[in-house]
Amino acid sequence: MELNNYQQEAFEYQRKNIEKYGKRAWGWTIFYVLCILVGLYALYLQIAKGHGVTGMRDNVVWGLFIVNFIFFIGLSYAGAIIAGLLHLSKVTWGKPIIRLAQFMTLVSVIIGPIFILLCVGRFDRMHHLFIYPRIQSPLTWDVMAVITFFVGSVLFLYLALIKDFAVYRDAKLNIPKWKQKLYKVLALGYRGAASQKRHLIISQNLMAVIMIPLAIMVASILSWIFGMTLRPGWHSTIFGPYFVLGAVYSGCGLLIVAMWFYRKLYKLDYYFTDKHFTYLGYVMLILAAGYGYFTFSEYFTDWFASEKWNSELIHKLFSTSEYGWWTLFANAAGIALPIAIVAIPATRKPGPITIAAFIMVIAMWVKRYLIIVPTLETTLLPMQDTRTEYVKYAATWPEWALTIAGIASFLLFFTVMSKFVTVVPVSGLEDTHTVHEQHLLHPEPTLENTSKA
Amino acid sequence: MKQEEVNDKGRRDFLKTAALATVAATACGSLACSCNSKKAPVSDKVKLLSPTGEIVEIDSAYLNHEEHMAIVSKLEAREGIAGKKFVMVVDLAKCKNARSCVSACQKWHYRPKETEWLTVKLLQDSDKAAPYWFPKQCFHCDNPPCVKVCPVDATYKRQDGIVLIDSDRCIGCKFCMAACPYSTRVFNWDEPELSLDIKNLAYSPETGIPAKVGTVEKCDFCPDRAREGLLPPCVEACPNGVFYFGDENEDTVSNGLETVSFTQLIKDRSGYRFMEDLGTKPRVYYLPPKDREFPVEKGYQDADSAIKERFKDFKDILEAKE
């Protein structure tokens, strides 16, 4: 694999990260594995004792698990849309962060659906989804969508990695034999020949073109699990775009956090520059404004028309004795804060932007909770139930343990992957500092001139 | 005094429908009344209230003690009973929250006390409106939101109008529970506590027995009993004849005490379907609580304290009139 000087430099800079796992990485790995083990114990309890160990009951039939499902799967869709757009666009500054976005896509599309499985009463019967599928159910659409999306994101990430695997294979890294062999297998014999380059570029472009609409479709289908029902707060025509926007928005926030973290950890300031934070901050600001607009229309129309159950739900969401403070947090920290931080020049810096993004991601999780639980607590007929756990949802420790296990799995994936491949893609890299200015004079290689080469 | 008035009105209503009932009864072939038991009296009398408001004593031997019916194949349980279109009419004017329907249902289906496939709510349509008792079971909708969302066809609509659940197929995703606007469905959160002989019974979607952990269940209109020409236990157990069950195709419904024309009953008493605007097309009709046989407070005052607790929001209205 031939690399230009800039790419070579980027590789040499990151060489040590993939050569050595490191004490710190081992420490965190053990910690994450412990978290996952606690989660597995909670899962064992749930299987052995039944779903009674969760806080879910006949009225609030879905709880933290579904909240986590929407949250993670949203990150996944966001990663695909962001990576797809950055890949297709000619902006050179975007290239170094594509891999982080793709990591996010792949790991979330694995963790998200696991939460659906946790929520299902009989996961010994999951094969029923395939032997008795019922096409008119939005859940069947979602099964098909998530599987398609999973295959798509594996391909999308892998195609982007092939060139890099070839680089690692040829670099005479100081690594164990099995890892050397693995790189060799994964590189699929890529040598940088003209036809190989051409095929790879075509497939990558194709995948990027496929992944963007696919992510929009699957995010909409996810929203329709709720939108297709006759429940207040769910039965809304804007739910599709609302979920798409919410997904990309929270994903953008997490990408900023991941960027900041790896910039600190691997000292990647040269690749994840201040400009990246500013630019992604702008994207976040626009998405925040959009999400705020959707949220406002959703609440405002429900409140103004004041249909019986919608009003009841709005009252719950805004009354301080129920979800009022959470609603305030979700909207102040989830919408207003990022806008303010990015809009004010004094705070438009990597640190504040990252903090705002981090808080926003948490607020977006809370927002998903506010979409799911209060609606389920608003039944059309009065509950008239004396069992408090049936009236109001309160998550139990197994649910929290499994939630933490999910987050730990997410972080574990990032830890392991960042030791297996370089966080900043090497072969697809262009000099962010020089190429950007030269861009107008010397257009990037296009399909025609690469095939000629 | 008030009670008498109410009863008197009830009697007039009954006389009006009596003529109809005799005609309808001859037409009703399959829906036998369950009072034809040939058992010897055991001198254990049970007091029941007839639809006319009179208290009658019946020997408990004459009450139903049917064993569960022979089970049909899964395919038959999916197709339903040919030529039938089951329908239920609930007369809100007669309900006094006696809850005999609830316990009869629980007993028949071996469900614990907390699991109510059939429940009695106290509804008040607006602040100034009079509250009324509202027995609610599965509405077996003709446009069922639950069936639409099931990803594995575990819950399905049959040709006889009944919506059933196959607990052997249900994956427990609870989507149907979220989709049902009437909160009809219940979930087996833990392993159901059943005696060994019940646990060993062959399962059929028509009986719903034995219940299975991690699956959804609900009122099933007792199709196993309908196959034998019997009324559901809730209908039979009601001391006031609140529930009428029957066949829309035959245009006949019976509450076990009288058999009447379904269309005539709906016409005469301004029958309606609950939350018609949702478009779910329920198969359960309600008769408005006009000319009630019991004052609403009675159902509250006679209830035990645990049940009273459910209606604490109505405490002021219900206790003031004592």
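Colleague: How many residues of chain B are in contact with chain A?
Modeller: This is a predicted model, where local features need pLDDT of at least 70 and side-chain atom pairs count only at pLDDT 80 or more, while totals for chains, interfaces and linings use all residues. Residues are numbered from 1 along each chain as its sequence is written, and chains are lettered from A and ligands numbered from 1 in the order in which they are written. Contact is called when the C-beta atoms of two residues, placed from the backbone, lie within 7 Å. Chain A brings 37 residues to these contacts, and the number from chain B is 37.

Colleague: Which element gives the largest share of the side of chain B that touches chain A?
Modeller: Helices (H or I, at least four residues) and strands (E, at least two) are DSSP runs, numbered from the N terminus. At least two residues each are supplied by strand E4 (119–123), helix H4 (145–149), helix H5 (175–179), strand E8 (186–187) and helix H11 (305–310) of chain B. The largest share is 4 residues, and it comes from H5(B).

Colleague: By class, how many nonpolar residues does that side of chain B have?
Modeller: The nonpolar class holds Ala, Val, Leu, Ile, Met, Phe, Trp, Tyr, Cys and Pro; Asp, Glu, Lys and Arg are charged, and the others, Gly among them, are polar. The side of chain B that touches chain A has 4 polar and 10 charged residues, and its nonpolar count is 23.

Colleague: Which residues of chain A does B:Cys150 touch?
Modeller: B:Cys150 sits in the loop between H4 and strand E6 (155–157) of chain B. With 27 other C-beta atoms within 10 Å, B:Cys150 is buried; a residue is buried at 20 or more such atoms, exposed at 12 or fewer and partly exposed in between, with C-beta atoms placed from the backbone. Leaving out residues up to four places away in sequence, B:Cys150 touches B:Thr155, B:Phe175 and B:Cys176 in chain B, and in chain A it touches A:Arg134 and A:Ser137.

Colleague: How many residues of strand E5 of chain B are buried?
Modeller: Side chains in a regular strand alternate between the two faces of the sheet. In E5(B), B:Tyr132, B:Phe134 and B:Lys136 on one side and B:Trp133 and B:Pro135 on the other are all buried. The strand (residues 132–136) is therefore largely enclosed by the rest of the structure, with a buried count of 5 of the 5.

Colleague: Which residue in E5(B) is the bridge partner of B:Leu123?
Modeller: Two strands pair if DSSP finds at least two bridges between them. E4(B) and E5(B) pair in the antiparallel sense over 5 bridges. The partner of B:Leu123 is B:Tyr132.

Colleague: Which two residues does a cis peptide bond join?
Modeller: One of the pair, B:Pro210, is found in the loop between helix H6 (196–199) and strand E9 (216–217) of chain B. Omega is about -5 degrees at this bond, which joins B:Ile209 and B:Pro210.

Colleague: What is the radius of gyration of chain A?
Modeller: Chain A has 17 helices and 0 strands, and its C-alpha trace spans about 75 × 50 × 45 Å along its principal axes. The radius is taken over C-alpha atoms, and the globule rule is 2.2 Å times the number of residues to the power 0.38. For 453 residues a compact globule would be near 22 Å, which agrees with the value for chain A, 23 Å.

Colleague: How far apart do the C-alpha centres of domain 1 and domain 2 of chain A lie?
Modeller: The bounds come from an automatic or database domain assignment, which gives domain 1 (17–212 + 404–433) and domain 2 (229–249 + 283–380). In the contacts between them, 13 residues of domain 1 meet 11 residues of domain 2, and the domain 1 side has 10 nonpolar, 3 polar and no charged residues. The distance between the two centres is 26 Å.

Colleague: How many residues does the largest nonpolar core have?
Modeller: Such a core is a set of buried Ala, Val, Leu, Ile, Met, Phe, Trp, Tyr and Cys residues joined through C-beta atoms within 7 Å. A:Val218, A:Cys252, A:Leu255, A:Ile256 and B:Phe243 have the most contacts inside the largest core, whose residue count is 212.
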